Amino acid sequence: MIYYFWGELMQINRLFEIVYLLMNKKQATANELATHFEVSKRTILRDIDTLTAAGIPIYTTQGKGGGIFIHDNFILDKTFISGDEQKQILFSLQSMSATELIETDHALSRLRSFFASPNKNWIEVDFSRWGHSEADNTKFEILKTAIINEFAVSFDYLSAYGEYKGREVYPLRLSFKSKAWYLQSFFPAENDYRVFKFNRISNMVVLDKSFISGDYEAPKIEPPEDLSASCFIYVRLLVLSHAKFRLYDEFAESDITVNNDGSFTLRMTQGQWIYDYILSYGTAVEVMEPQYIRDEMLVRIEKIRNKYVPIT
């Protein structure tokens with residue numbers, strides 16, 4: 001099985017195209033390739049190193065008439081890749097193409113022809129929010145450009161305390177985790193790494209300030225503080241019919257037990273989020289067990305009720 005990370009998928013189209021260009025054109029300079037792909041010369045040289053490490057016989061010569069070329073006897077042999085691996089490559093590219101965040105159509109066309117594979121558009125994915133697709137895609141394009149070309153970005157970020165703060169970071173990677181996109185970055189002002197939730201970022205600008213991504217390692221995405229404990233509880237709920245679908249939308253089927261009395265027992269990570277989640281159902285849900293959650297729900301409901309006393 002071959003696994004491709006998001007960053008590698010961004011690069012795979014360019015790598016295959018470099019090979020085909022060199023096979024057809026025979027020779028090109030790093031500057032020519034950089035201009036063609038609209039990336040830096042340094043990025044092209046890293047791509048050449050990647051292809052060489054993969055066993056593709058690419059050579060460089062210096063001086064007048066020099067450049068990058070591929071050995072005349074090289075043939076891209078599909079027999080080195082199993083049928084399952086061919087499908088995995090195509091399916092991985094297809095899934096990323098479906099997001100409309102990465103341009104993979106050209107690579108897909110090349111590889112389908114090479115692997116003699118039919119055009120099966122087996123997946124369609126849209127990570128943008130309802131009503132915000134244009135704005136989200138614009139942010140993605142800005143970040144993609146900055147990450148690929150290794151430029152710093154600045155933006156305003158809405159903190160967990162409801163305050164907007166300006167940030168200037170080195171963007172390292174975009175990751176999708178638990179229904180949300182995150183920007184993994186290095187924060188030079190504090191000489192530390194930071195992870196930012198994509199939806200809270202606004203007013204993003206690519207800066208004329210470069211960095212070397214190889215000098216940094218994208219930080220891990222940690223769960224929110226109240227979800228960090230690896231402790232689970234079981235909560236039994238009575239849910240009205242019109243709201244039951246939400247359980248299956250928001251929990252894995254293995255975390256849901258349907259009881260004989262029609263109630264549901266959910267396996268939930270402990271944390272304050274449980275109360276907000278239950279309140280989001282309004283009158284469509286009742287907590288049956290455990291008792292301490294019922295008691296706390298009464299306290300919170302009373303606080304909400306007090307906010308709506310008649311205004312005198």
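## Overall organisation

Among contacts (heavy atoms within 4.5 Å) in the protein chain between residues at least 6 apart in sequence, 60% join residues at least 24 apart. The model is a predicted one, in which local features need pLDDT of at least 70 and side-chain atom pairs count only at pLDDT 80 or more, while totals for chains, interfaces and linings use all residues. Residues are numbered from 1 along each chain as its sequence is written, and side-chain values use heavy atoms, with hydrogens and water left out.

The secondary structure comprises nine helices and twelve strands, taken as DSSP runs (helices: H or I, at least four residues; strands: E, at least two) and numbered from the N terminus. Of the 312 residues, 37% count as buried (under 20% relative accessible area; exposed is over 50% and partly exposed lies in between, with a 1.4 Å probe and protein chains only). The accessible surface of the chain is about 19,400 Å², and carbon and sulfur atoms account for 52% of this area (Shrake-Rupley method, 1.4 Å probe; for residues, only the protein chains shown count as cover).

## Nonpolar cores

A nonpolar core is a set of buried Ala, Val, Leu, Ile, Met, Phe, Trp, Tyr and Cys residues joined through side-chain atoms within 4.5 Å. The largest has 21 residues, and Leu-237, Val-239, Leu-247, Ile-278 and Ile-293 have the most contacts inside it. At least two residues of this core come from each of strand S9 (232–239), strand S11 (264–269), helix H8 (273–279), strand S12 (285–289) and helix H9 (291–306).

Apart from neighbours within four places in sequence, Ile-278 contacts Leu-237, Val-285, Val-287, Ile-293 and Met-297. A second, separate core of 17 residues includes Val-19, Leu-22, Ile-48 and Ile-58.

## Packing of H2 and H3

Helix H2 (residues 30–37) packs against helix H3 (residues 41–53) at an angle of about 105°, with the axes 8 Å apart. Axes are lines fitted to C-alpha atoms, for helices over the stretch in contact, and angles run from 0 to 180 degrees between N-to-C directions. H2 is therefore roughly perpendicular to H3 (65 to 115 degrees; under 35 is roughly parallel, over 145 roughly antiparallel and the rest oblique).

Ala-30, Asn-31, Leu-33, Ala-34 and Phe-37 in H2 meet Lys-41, Ile-44 and Leu-45 in H3.

## Two individual residues

Arg-300 lies in helix H9 and is buried, with a relative accessible area of 18%. Not counting residues up to four places away in sequence, Arg-300 touches Gln-272, Tyr-275 and Asp-276.

Glu-253 is placed in the loop between helix H7 (245–250) and strand S10 (256–258). Glu-253 counts as exposed because its relative accessibility is 65%.
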